[in-house]
Amino acid sequence: MGLISAEGGDIMARMRRMQNVMACAALAMLTMGCATEKPGTVFCAGVKQKLCYADAIVPGLRTDLRYAGYDNFVGRPLAGYEGHRAILRLDAARALAKAARELAKEGLGLLVYDAYRPARAMRDFYEWSKTPDARMRSKYYPNITKKGIYEGKYIRDISEHSWCIAVDITLCDLKTGFPLDMGGHHDLLDESSATDYPGISPTQQANRRKLRAALHRVGFVNYSKEWWHYYFESDAPLYSYDFPIRDSRDES
């Protein structure tokens, strides 16, 4: 009675395979259906957590991924930036959506300069730092050397961006998308970019504080040396990702 025939064992194996398939299908439905914002915006294939395109979750979000183009302190697209849509962990994107809905009441929106950053881009930064190329220095790091970028902690060996929980972000006019005056542009690697830097106008200070207050209320923490950099604080595990940024997860 305790023995199973070869035929019976084959049937049992098929049943177990079917159960596994059904369980995986149920998990996939749960995963893909957990975001009611837009079908198909959440993807989990090949990653450890629920990730999403931020523009599908955050109302009115505008995106200008600077590292996908030439207007950045390196002066060229970084490794892994093959698209222009911002990617975030789903919980971080939903928190950002809460902030966007509140800001919209004042006619303000959010503009993202960077979100998920592949780990290969961090390696690209480091390799660039060892070259003599300094063509973007006057605009992005006028008062420090390339070595000073690392020494000043503007770039580190690891980044919250690679964990899909960080954004480089600013406020903008909700209708026009024109960014508010923050007293300095994104990625100006200078002491004047500190969030509480005193040497800017009252209006510029107020804009930086408004951005910080709006994001702090939903769980984002500011990096004090950069008014634009925020990371989402939660108890969820952190994983570093290295897949390329593309505008569709269907792209090969």
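**Aromatic pairs, a pocket and a cavity**

The chain has 6 helices and 8 strands. This is a predicted model, so please keep that in mind throughout. Reading along the sequence, the order is α-β-β-β-β-α-β-α-α-α-β-α-β-β. The chain has 252 residues, and 46% of them are buried. Now the contacts. Take those with a separation of 6 or more: 72% are between residues 24 or more positions apart.

On to the rings. How many aromatic pairs does the structure hold? There are 11. A pair of aromatic rings is described by two things, the distance of the centres and the angle of the planes. I will take two pairs in turn.

Start with Tyr67 and Tyr81. Their ring centres are 5.9 Å apart. The planes meet at 75°, which is over 60, so this pair is edge-to-face. Where do the two residues lie? Both Tyr67 and Tyr81 are in the loop between strand S3, residues 62–63, and strand S4, residues 87–89. They are 14 residues apart in sequence, so the pair ties together separate parts of that loop. Are these tyrosines buried or exposed? Tyr67 is buried, at 2% relative accessible area. Tyr81 is buried too, at 6%.

Next, Tyr116 and Phe243. Here the centres are 4.5 Å apart. The planes are at 20°, which is under 30, so this pair counts as stacked. The pair links distant parts of the chain, 127 residues apart. Tyr116 is in the loop between strand S5 (108–114) and helix H3 (119–129). Phe243 is in the segment after strand S8 (229–232). Tyr116 is buried, with a relative accessible area of 1%. Phe243 has 14% relative accessibility and also counts as buried.

Lys225 lies over the face of Tyr154, at 4.9 Å from the ring centre.

How many cavities of 30 Å³ or more does a search of the whole structure find? The answer is 1. The largest cavity has a volume of about 170 Å³. Its lining comes to 18 residues. Nearest the centre are Arg117, Tyr154, Ile155, His161 and Glu226. By class, that lining has 10 nonpolar, 3 polar and 5 charged residues.

Then the pocket. The largest one has a volume of about 190 Å³. The pocket lining divides into 7 nonpolar, 4 polar and 4 charged residues.

What is Glu160 in contact with, leaving aside neighbours within four places in sequence? The contacts are Ile165, Ala166, His229 and Tyr231.

Terms used. Residues numbered from 1 in each chain as written. Predicted model: local features only at pLDDT ≥ 70, side-chain atom pairs only at ≥ 80, totals over all residues. Heavy atoms only, no water. Phe/Tyr/Trp six-rings, centres within 6.5 Å; stacked < 30°, edge-to-face > 60°. Helix = DSSP H or I, 4+ residues; strand = E, 2+ residues; numbered from the N terminus. Buried < 20%, exposed > 50% of the residue type's maximum accessible area, 1.4 Å probe, protein only. Lys NZ or Arg CZ within 6 Å of the ring centre and 35° of its normal. 1 Å grid on protein atoms, 1.4 Å probe; cavity = no way out; pocket = protein on both sides within 12 Å on 5 of 7 lines; lining within 4 Å. Points joined across faces, edges and corners; volume = space filled by probe spheres on them. Nonpolar A, V, L, I, M, F, W, Y, C, P; charged D, E, K, R; others polar. Contact = heavy atoms within 4.5 Å.
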